[in-house]
Amino acid sequence: MANLKVPVAPADHALGDEQAAVTLVEYGDYECPHCGRAHPVVKAVRKHFGKQLRFVYRHFPLTQIHPLAEPAAEAAEFAGANEHFWQMHDGIFENQDRLSVPLLVELTEELELSADDLPAALESREFAPVVKAQFLGGVRSGVNGTPTFFVNGYRYEGMNEFEDMVEAIDAVLAEHQSGRKRVG
Amino acid sequence: MTRMLSPGTTAPDFTLPVTPDQSLSLRDLRGQPVVLAFYPADWSPVCGDQMALYNEILPEFQKYKAEVLGVSVDGPWCHAAFARDRHLHFPLLSDFEPKGAVAKEYGAYRDKEGVCERALFVIDEEGVIFWSYCSPVAVNPGAEGILEALENLSKKGQSHGQLESSRRAS
């Protein structure tokens, strides 16, 4: 199947070491219930692999079926522009059952960002181009729904469950290590 | 399974209902690329995602002046409800009576289940199939193949522009 066409770059929102052996990229939608369920799984997977894993999140909002996915993605970018992307990201997924524009504003306030700035940014669509670019990159990489994961650029086809993801990442790690041995 | 029509074949013309009281013919869209997306059924989870995705990417398809048409054996009232529920902004055609006749012509019909394959066709401005792809029925084929085909088609159109116009004139 399709592989990641847009390589991970400094502009990406990434957690973990740039030199990590494995990079997990998620294309997600903040209003998608499957993404909401995958969120704690990703957290557990990150914890499990520690420094061996870097995690990158990119937006793939299906705005026609999830009207709040776009403002949520733009709000995360807004927080990101203020160095608080991951706090906003967690806040949105952890409160997905009550996702609304007022919730996004509330989360901004909790991050001690100016509460007036978010509605203005949403109104002006300041962060829409960033979200759109990520979405289109996902389309080019064959993302067809959310969440879609890529492990070191290869599309992950398994279930979005802890054991399955760990198994897939373990396999890539083993390959990586044997490759290193061969080179060394 | 019958063989799917391959690139280079003239796309069989058809006229199908697009709403309970309107129909659409392929020949009416001559002069622009057409994306024909056969899919098994309204409402089923995979198709829903597939159509939602195309809906989202419509502006990209429009950059190539391409018209997207979804086709299934569901009736026009079913399509209307599905399109309304999912806010779909492109036509869904009903290959309803005789059931699956158009899909059969394109080799995109599953006799056993009585539904369309999950088959994609990109048809050029002249009504010739430029690209086709049949996805396993449970797999959402995404859009990258379609976009790539449209891009290649537009490149071909640019480089062969003269050839095409001389052919048309003769």
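At what angle do the axes of helix 2 and helix 3 of chain A cross, and within what distance do the axes come? In this predicted model, the axes of helix 2 (residues 69-81) and helix 3 (residues 85-94) of chain A cross at roughly 150° and come within 7 Å. Because angles over 145 degrees count as roughly antiparallel, helix 2 of chain A is described as roughly antiparallel to helix 3 of chain A. On the side of helix 2 of chain A, the contact is made by Ala72(A), Ala75(A), Ala76(A), Ala79(A) and Gly80(A), and these meet Phe85(A), Gln87(A), Met88(A), His89(A) and Ile92(A) of helix 3 of chain A. By class, the residues in this contact between helix 2 and helix 3 of chain A comprise seven nonpolar and three polar residues, with no charged residues.

These two helices belong to a chain with seven helices and five strands, and the elements of chain A follow one another along the sequence in the pattern β-β-α-β-α-α-α-α-α-β-β-α. The radius of gyration of chain A is 17 Å, close to the 16 Å given by the globule rule for 184 residues, so chain A is as compact as a globular protein of that length. Taken along the principal axes, the box filled by the C-alpha atoms of chain A is roughly 55 × 30 × 25 Å. Of the 184 residues of chain A, 40% count as buried, and among the contacts in chain A with a separation of 6 or more, 76% are accounted for by residues 24 or more positions apart.

The five strands in the sheet of chain A form an open arrangement in the order 1-3-2-4-5, with mixed pairing. Strand 1 (13-15) and strand 5 (154-155) of chain A are the edge strands, each of which pairs on one side only. Strand 4 (residues 148-151) of chain A runs antiparallel to strand 5 of chain A and is joined to it by two bridges; Phe150(A) has Arg155(A), in strand 5 of chain A, as its bridge partner. Helix 6 (residues 128-140) of chain A lies across strand 2 (22-28) and strand 3 (53-59) of chain A, and runs at about 110° to strand 3 of chain A.

Within helix 7 (residues 162-183) of chain A is found Ala168(A), a buried residue with 20 other C-beta atoms within 10 Å. When its neighbours within four places in sequence are left aside, Ala168(A) is in contact with Val151(A), Tyr156(A) and Gly158(A). Ala168(A) and Glu126(A), by comparison, are 42 residues apart in sequence and 37 Å apart in space, C-alpha to C-alpha.

Chain B also contains an open sheet, in which five strands are arranged in the order 5-4-3-8-9 with mixed pairing. Strand 5 (92-94) and strand 9 (129-135) of chain B stand at the edges with a single partner strand each, so one side of each is left without a neighbour in the sheet. From one strand to the next, the twist averages 20°. Strand 4 (residues 67-72) and strand 5 of chain B run parallel and are joined by three bridges, and the bridge partner of Ser72(B) in strand 5 of chain B is Ser94(B). Helix 4 (residues 144-159) of chain B packs on this sheet, where it touches strand 3 (34-38), strand 8 (118-123) and strand 9 of chain B, and its direction makes about 15° with that of strand 8 of chain B.

The contact between the chains takes 13 residues from chain A and 15 residues from chain B. On the side of chain A that touches chain B, the residues divide into six nonpolar, six polar and one charged.

How values were computed:
Residues are numbered from 1 along each chain as its sequence is written. Chains are lettered from A and ligands numbered from 1 in the order in which they are written. This is a predicted model: local features need pLDDT of at least 70, side-chain atom pairs count only at pLDDT 80 or more; totals for chains, interfaces and linings use all residues. Helices (H or I, at least four residues) and strands (E, at least two) are DSSP runs, numbered from the N terminus. The radius of gyration is taken over C-alpha atoms; the globule rule is 2.2 Å times the number of residues to the power 0.38. A residue is buried if 20 or more other C-beta atoms lie within 10 Å of its own, exposed if 12 or fewer, and partly exposed in between; C-beta atoms are placed from the backbone. Two residues are in contact if their C-beta atoms, placed from the backbone, lie within 7 Å. Ala, Val, Leu, Ile, Met, Phe, Trp, Tyr, Cys and Pro count as nonpolar, Asp, Glu, Lys and Arg as charged, and the others, Gly among them, as polar. Axes are lines fitted to C-alpha atoms, for helices over the stretch in contact, and angles run from 0 to 180 degrees between N-to-C directions. Angles under 35 degrees count as roughly parallel, over 145 as roughly antiparallel, 65 to 115 as roughly perpendicular and the rest as oblique. Two strands pair if DSSP finds at least two bridges between them.
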